[in-house]
Amino acid sequence: MKLLGLHHVSILTGKAERNFHFYTKVLGLRLVKKTVNQDNTESYHLFYGDAKGSPGTEITFFDIPALGRTYPGVGSISSTSLRVRDTAALHYWEERFKQLGIYHETIAKRANRDSLAFQDYEGTRLILVADNGEAGVRAGEPWGGSDVPTEHAIIGLGPVTLTVAVAEPTAGVLTEVLGFTQVGAYPSLAGDFPEILVFSTGEGGTGAEVHIESRPDLPRERAGRGSVHHVAFRVPNEEEYNYWVERISSFGFMNSGKVERYYFKAFYFREPNHILFELSTDTPGFDVDEPLETLGEQLALPPFLEPKRAEIEANLRPLDLETE
């Protein structure tokens with residue numbers, strides 16, 4: 001059995017209102033679910049994605065207002081990529097970022113693909129990557145509800161980069177436990193460091209890759225605003241989910257056990273460099289409790305939290321997303 005690719009990436013934000021503005025008004029993504037962190041219901045959990053909230057397109061944020069800054073380093077998911085159709089789209093985004101005053105670099109090659117690195121308001125390190133007709137995991141459906149032309153819209157998650165002191169332990173988990181294959185390497189853009197290793201799963205392509213960067217010169221990351229909490233990989237259904245839970249547990253990793261998130265089933269474990277991996281099912285999806293047409297417009301709670309709605313809403317800070 002093969003993992004299908006990336007499911008979602010979850011990141012920390014200190015200001016949900018500005019986060020909403022950036023990911024919907026600047027990047028043109030759709031807010032597909034406004035809910036709470038199920039492990040801390042006093043915190044919002046916002047999910048952005050394509051028009052349908054498809055697995056493989058979701059970038060999510062835990063809202064923690066008192067959070068400090070991030071100090072980058074090893075043991076981290078150091079960048080998250082977002083897919084666009086082609087290099088023409090990168091030129092559109094380069095100009096858009098200039099006009100909006102968004103920090104960005106110049107278009108550069110990463111893993112032999114055109115890409116554009118940039119940051120959100122909190123310093124989250126992001127990269128736009130151009131598919132340019134490359135075969136692989138199917139892209140999502142562009143969201144037409146923003147001012148971003150659909151031909152240039154973000155259409156899913158691209159490769160995540162893991163920054164570690166030593167690559168071999170993490171590479172071993174990807175290949176020997178999770179079934180990834182090393183498909184290449186490319187020079188580090190940070191200077192005279194080892195090549196960045198490229199690993200792929202499922203049908204491959206931009207939506208199914210993990211890149212490993214070795215940086216023995218860096219300290220351990222101190223997480224804060226804009227740091228990535230975890231990366232999740234796609235499992236198609238509950239049957240294969242059960243297989244992966246048993247397989248990973250058999251290797252002796254400390255793990256969460258099966259976790260019911262209602263919108264998907266989850267399973268968490270840390271690899272040897274302390275990066276948190278999650279496996280998530282594609283099913284049932286975000287439209288299980290809301291019509292597709294109105295995804296993300298109301299506070300959604302899974303059935304096991306619904307009886308506590310009044311208490312949960314009383315403990316949540318007011319959140320007016322449309323005024324930011």
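Colleague: Which residues lie nearest the centre of the largest pocket?

Modeller: This is a predicted model. Start with the lining. In the largest pocket, 24 residues form the lining, and Ser79, Arg110, Arg125, Ile127 and Glu213 lie nearest the centre. The space in this pocket is about 520 Å³.

Colleague: Which strands each supply at least two residues of that lining?

Modeller: Look for β5 (76-84), β7 (113-119), β8 (125-130) and β9 (157-164). Each supplies at least two lining residues of the largest pocket.

Colleague: How does the lining of the largest pocket divide by class?

Modeller: Eleven residues are nonpolar, eight are polar and five are charged.

Colleague: What is the volume of the second largest pocket, and what lines that pocket?

Modeller: Its volume is about 340 Å³. The second largest pocket has 18 lining residues. Phe20, Thr24, Leu31, Glu297 and Glu322 lie nearest its centre. By class, the lining of the second largest pocket has seven nonpolar, four polar and seven charged residues.

Colleague: Now to charged pairs. How many salt bridges does the structure hold?

Modeller: The structure holds 18. To read one, find a side-chain nitrogen of Lys or Arg within 4 Å of a carboxyl oxygen of Asp or Glu. Take lysine 33 and glutamate 290: their side chains meet at 2.6 Å, N to O.

Colleague: What does the pair of lysine 33 and glutamate 290 tie together?

Modeller: Lysine 33 is in strand β2, while glutamate 290 is in the loop between β16 (276-284) and α5 (309-315), so the pair ties together parts 257 residues apart in sequence.

Colleague: Are lysine 33 and glutamate 290 buried or exposed?

Modeller: Both are buried. Buried means under 20% relative accessible area.

Colleague: Which residue forms a salt bridge with lysine 52?

Modeller: Glutamate 141 does, with the closest N and O atoms 3.5 Å apart. Lysine 52 sits in the loop between β3 (40-49) and β4 (58-63), and glutamate 141 in the loop between β8 and β9, so this pair ties together parts 89 residues apart in sequence. Lysine 52 has 43% relative accessibility, so it counts as partly exposed. Glutamate 141 is also partly exposed, at 38%.

Colleague: How far apart are the closest N and O atoms of glutamate 260 and lysine 265?

Modeller: They are 2.4 Å apart, in a salt bridge. Glutamate 260 is partly exposed, at 36% relative accessibility.

Colleague: Which residues are linked in a network of salt bridges?

Modeller: Find Glu17, Asp63 and Arg317. Salt bridges link these residues in a network.

Terms used. Residues numbered from 1 in each chain as written. Predicted model: local features only at pLDDT ≥ 70, side-chain atom pairs only at ≥ 80, totals over all residues. Heavy atoms only, no water. 1 Å grid on protein atoms, 1.4 Å probe; cavity = no way out; pocket = protein on both sides within 12 Å on 5 of 7 lines; lining within 4 Å. Points joined across faces, edges and corners; volume = space filled by probe spheres on them. Helix = DSSP H or I, 4+ residues; strand = E, 2+ residues; numbered from the N terminus. Nonpolar A, V, L, I, M, F, W, Y, C, P; charged D, E, K, R; others polar. Buried < 20%, exposed > 50% of the residue type's maximum accessible area, 1.4 Å probe, protein only.
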